[in-house]
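Colleague: I have a model open and would like to go through it with you. Could we take it piece by piece?

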Amino acid sequence: LDRRTSRVAVFGFSELTPLINVVGAHANALGIYSMGPVFLGYGLKRFVSRASPEALARAELSGGAGRRASLQDVSPGEWMRGELPGRFREFFRNCAATIEGRSEPTTIHARLVRGRVDDARSATFVGGNLTVLSVMVGSRYADAVEPNGRWLLLEDYNDKPERFDRYLSHLTLAGFWERCAGVLLGDFHQEHRDLTNAVVEMLNYHLPEGREVPVAVTNQVGHTWPMTPMPLHVPAAVERTGDCDVSFTWRAEQLGTIVPGE
């Protein structure tokens, strides 16, 4: 990475948390925390198993199995298998659009559950999967997830709440909450149990007294579908969109890695 003369982009999440952060920390590289195509099967099946009638109606309009049969007439697995080929191709089209700088602006919408944020500020994110991130602390790669002045992105799945608490304790002992600019929590769940609110409650015992660390929650990042690709180490524009709502936006030209004519 240090010797590269042209930019490179890497997409991935979960167990690839170290790679995405290390790559993104380099000036000539781009790290996108984004659902990999292998995860699509799980994500699609979980989505249709839990989605509201309104979300299912929107999904039916997207094509795939939704056009061939009502979701009431097929199982989650059947719907997933019908959707998978088109969604698989869509993933790679979106990757190409991103590195060519022709994608739509990328926006993460979140709900503030603690503290406040101001407009006209920028936010730069590091982090990813909580379990894997905690292993990086104290390692030779720790600088890639250094939270000083940055927002910390956290998500995880299929583990017990008390284990999430242990990983949060590791970050507490490492002084992360004293140095980070804020915390963005993505999706946390164990099988069919939504654990995001439990993690919010745990954070109240870890965040330092006397320092107002903003905490926001989003359903657009994590082991879920649809998942919005999230650039790490790239400043996002911050906008208050309501009393407790905030958005983080990256422009297409910030993310393009292919220079015309190269």
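Colleague: Across which strands does helix H1 lie?

Modeller: This is a predicted model. In it, helix H1, residues 17-24, lies across E1, E2 and E10. Its direction is at about 145 degrees to E2.

Colleague: In what order do the strands of that sheet come?

Modeller: The order is E1-E2-E10, in an open sheet of 3 strands with mixed pairing. Strand E1 (8-12) and strand E10 (230-232) are at the edges; each has a single partner strand, so one side of each has no neighbour in the sheet. On average, neighbouring strands here are turned by 30 degrees against each other, direction ignored.

Colleague: How many bridges join E1 to E2?

Modeller: There are 5 bridges between E1 and strand E2, residues 29-33, and the two strands run parallel. As one example, Phe11 has Ile32 in E2 as its bridge partner.

Colleague: Why does Leu1 count as partly exposed?

Modeller: Leu1 counts as partly exposed because its relative accessibility is 38%, and that class lies between the limits of 20% and 50%.

Colleague: Changing topic, which strands pair with E3?

Modeller: Strand E3, residues 106-114, pairs with strand E12, residues 245-250, in the antiparallel sense over 6 bridges. Thr106 stands opposite Trp250 in E12. E3 also pairs with strand E9, residues 215-217, again antiparallel, over 3 bridges. There, Arg111 stands opposite Val217.

Colleague: And how is E12 connected to E11?

Modeller: A hairpin of 4 residues joins E11 to E12. The two strands run antiparallel, with 4 bridges between them, and Val238 has Phe248 in E12 as its bridge partner. E11 pairs as well with strand E4 (residues 122-123), in the antiparallel sense over 2 bridges. In that pairing, Ser122 is partnered by Ala237 of E11.

Colleague: You mentioned Phe248. What does Phe248 touch?

Modeller: Not counting residues up to four places away in sequence, Phe248 touches Thr106, Thr107, Ile108, Ala110, Ala123, Phe125, Trp151, Leu184, Ala236, Ala237 and Val238.

Colleague: Which residues touch the most other members of the largest nonpolar core?

Modeller: They are Phe125, Leu184, Met230, Phe248 and Trp250, in a core of 35 residues. Two or more residues each come from E2, helix H2 (40-50), helix H5 (76-99), E3, strand E6 (151-157), E10, strand E11 (236-240) and E12. H2 gives the most, with 4 residues. Apart from this core lies another, of 27 residues, which includes Val137, Phe176, Val213 and Val215.

Colleague: Next, Asp159: is it buried or exposed?

Modeller: Asp159 is buried, because its relative accessible area of 13% is under the 20% limit. Asp159 sits in the loop between E6 and helix H7 (161-173). Leaving aside neighbours within four places in sequence, its contacts are Thr131, Phe164, Tyr167, His189, Gln190 and Leu195.

Colleague: Staying with H7, at what angle do H7 and H9 pack?

Modeller: H7 and helix H9, residues 196-206, pack at about 35 degrees, and their axes are 10 Å apart. Their crossing is right-handed.

Colleague: Which residues make that contact?

Modeller: From H7 they are Pro161, Phe164, Asp165, Leu168, Ser169 and Thr172, and from H9 Val199, Met202, Leu203 and His206. By class, the contact has 6 nonpolar, 3 polar and 1 charged residues. Phe164 of H7 is also one of the contacts of Asp159.

Colleague: Finally, the whole chain: how many helices and strands are there?

Modeller: The protein chain has 10 helices and 12 strands. Of its 262 residues, 48% are buried. Among the contacts with a separation of 6 or more, 73% are between residues 24 or more positions apart.

Conventions
Residues are numbered from 1 along each chain as its sequence is written. This is a predicted model: local features need pLDDT of at least 70, side-chain atom pairs count only at pLDDT 80 or more; totals for chains, interfaces and linings use all residues. Side-chain values use heavy atoms; hydrogens and water are left out. Two strands pair if DSSP finds at least two bridges between them. Axes are lines fitted to C-alpha atoms, for helices over the stretch in contact, and angles run from 0 to 180 degrees between N-to-C directions. Contact means heavy atoms within 4.5 Å. A nonpolar core is a set of buried Ala, Val, Leu, Ile, Met, Phe, Trp, Tyr and Cys residues joined through side-chain atoms within 4.5 Å. Buried means under 20% relative accessible area, exposed over 50%, partly exposed in between (1.4 Å probe, protein chains only). A crossing is left-handed if the near helix is turned anticlockwise from the far one by less than a right angle, and right-handed if clockwise. Ala, Val, Leu, Ile, Met, Phe, Trp, Tyr, Cys and Pro count as nonpolar, Asp, Glu, Lys and Arg as charged, and the others, Gly among them, as polar.
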